Amino acid sequence: MKTESVLLQTLCVPCACRCRYCLLDWDGKPLGLPWERSVDFARRFKRWMDENRPELRFSFAFGYAMEHPRPREALAFLREIGSPQATFLQCDGMRMRSREECESLTRLLAEEGVKHLNFTVYGLREYHDAFAGRRGDFELLLRMLRAARETGLETSAGIPLSAESAPQADALIELLRRETGCGKIRLFVPHQEGRGIALEPIRFSEADWETLSPETRRLLNRQLYRPEREWLEEGAFVPEKRRSLLLSLRPDNIERWEAMAPGEILAETEALDEAYYAAFPTLPELAARYGDPKGGRFYRQRDLFAHYRRLYAAEHGVSVYDVTDERQSGSRRE
């Protein structure tokens with residue numbers, strides 16, 4: 001398994017929402033290392049990467065939301081180390097702002113070199129607000145999208161599909177284009193990670209696919225997202241050949257990591273990845289055991305593999321460090 005990239009993160013910035021499928025299981029208590037100490041560590045780590053592992057892509061991120069209290073300082077540092085997050089921001093979970101405040105923020109971002117803002121919209125107004133756990137969040141996204149357009153920033157929006165949201169998709173896409181001019185819209189099927197497991201009873205299916213207009217269907221990548229039965233057809237699975245490492249800075253690991261060489265940290269995380277996947281059969285083996293050849297629910301391959309691993313772990317009592325839990329250090333295979 002070839003390591004191709006490293007993401008160093010600190011979950012130090014609160015999120016204003018409580019989304020039903022939050023990847024990070026946000027509960028109002030930041031798990032990350034404070035910003036200042038994270039920056040010191042990231043700067044040293046990036047220097048070592050440049051000198052010793054220049055073939056690996058490196059990026060640094062903060063969260064749970066990209067609502068940094070000192071945005072100019074944060075963006076300046078991201079530019080300094082060449083992190084892609086210096087030009088691309090995901091604007092979910094931000095604090096409430098008036099139209100004027102949204103315009104002021106997007107001007108600041110443009111001045112600091114940000115090029116693209118991305119938003120996640122769960123459905124029409126009432127559904128979105130309920131899903132995000134915050135009244136008024138839908139209108140905030142519209143204000144931010146309009147402000148970004150007026151500032152000249154590129155915008156895009158992602159719409160997660162489920163049995164609940166699919167009937168709203170056509171109207172939502174039309175509204176976003178009419179009200180905000182957002183032309184880059186994609187549909188996706190949520191994962192099971194974090195609180196995403198709670199959405200499994202309403203996972204998007206072929207029956208839901210039939211409710212979408214032909215124009216809306218084109219916004220879902222059908223090579224990436226397929227019904228389970230299609231994945232189980234002979235030759236459908238693509239072997240995973242590369243991985244990204246996630247290094248999560250936390251108060252409970254920083255002192256040990258500061259005493260280690262970066263190469264040791266990378267090797268340790270790679271070993272966690274290897275141990276995790278060694279605890280499970282391969283995807284084709286799991287599919288033969290748990291797959292439903294008539295299954296009509298949509299997955300991407302990575303999510304179907306995770307679904308089968310969950311079933312196997314429950315059946316066999318597997319207990320292993322979870323490298324897919326993005327609140328802690330781990331990996332992502334592709």
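Q: Helices (H or I, at least four residues) and strands (E, at least two) are DSSP runs, numbered from the N terminus. Which strand holds Y64?
A: Y64 lies in β2. This is a predicted model, in which local features need pLDDT of at least 70 and side-chain atom pairs 80 or more, while totals for chains, interfaces and linings use all residues. Numbering starts from 1 along each chain as its sequence is written, and side-chain values use heavy atoms, without hydrogens or water.

Q: What is the form of the peptide bond from G63 to Y64?
A: The G63 to Y64 bond is cis, with omega near 25°.

Q: Why is P54 called exposed?
A: Residues count as buried under 20% relative accessible area, exposed over 50% and partly exposed in between (1.4 Å probe, protein chains only). P54 has 59% relative accessibility, so P54 is exposed. Its place is the loop between α1 (35-52) and β2 (57-64). From P54 to S38 the C-alpha distance is 21 Å, over 16 residues of sequence.

Q: What makes D25 partly exposed?
A: The relative accessible area of D25 is 25%, so D25 is partly exposed. D25 sits in the loop between β1 (2-13) and α1. Its phi is positive, about 50°, although D25 is not a glycine.

Q: Which residues of helix α2 (residues 71-80) are buried?
A: A74, L75, F77 and L78 are the buried residues.

Q: How do you know that they share a side of α2?
A: They cover an arc of only 160° around the axis, and therefore lie on the same side of α2. That arc is taken from the directions from the helix axis to the C-beta atoms. The buried residues of α2 pack against α1, β2, β3 (88-90) and α3 (99-111). After α2 comes G82, with a positive phi near 70°.

Q: Why is E179 called partly exposed?
A: E179 has 30% relative accessibility, so the label is partly exposed. E179 belongs to helix α6 (residues 169-180).

Q: Leaving aside neighbours within four places in sequence, which residues does E179 contact?
A: R146 and R149 are in contact with E179, where contact means heavy atoms within 4.5 Å.

Q: What makes the link between the side chains of E179 and R178 a polar contact?
A: A polar contact is a pair of N or O atoms within 3.5 Å, one able to donate a hydrogen and the other to accept it within protein; residues adjacent in sequence count only if both atoms are side-chain atoms. The side chains of E179 and R178 are joined at 3.2 Å, so the pair qualifies.

Q: How many cavities of 30 Å³ or more does the whole structure hold?
A: The search finds 2. A cavity is a set of points, on a 1 Å grid over the protein atoms alone, where a 1.4 Å probe fits but cannot get out; a pocket is an open set with protein on both sides within 12 Å along at least five of seven lines; lining residues have an atom within 4 Å of a point. H191, E200 and R203 are among the residues lining the largest cavity. Y122, Y127 and F131 are among those lining the second largest cavity.

Q: What lines the second largest pocket?
A: Its lining has 26 residues, with Y276, R309, R310, D322 and T324 nearest the centre. Helix α13 gives the most, 7 residues. The pocket volume is about 450 Å³.

Terms used:
Points joined across faces, edges and corners; volume = space filled by probe spheres on them.
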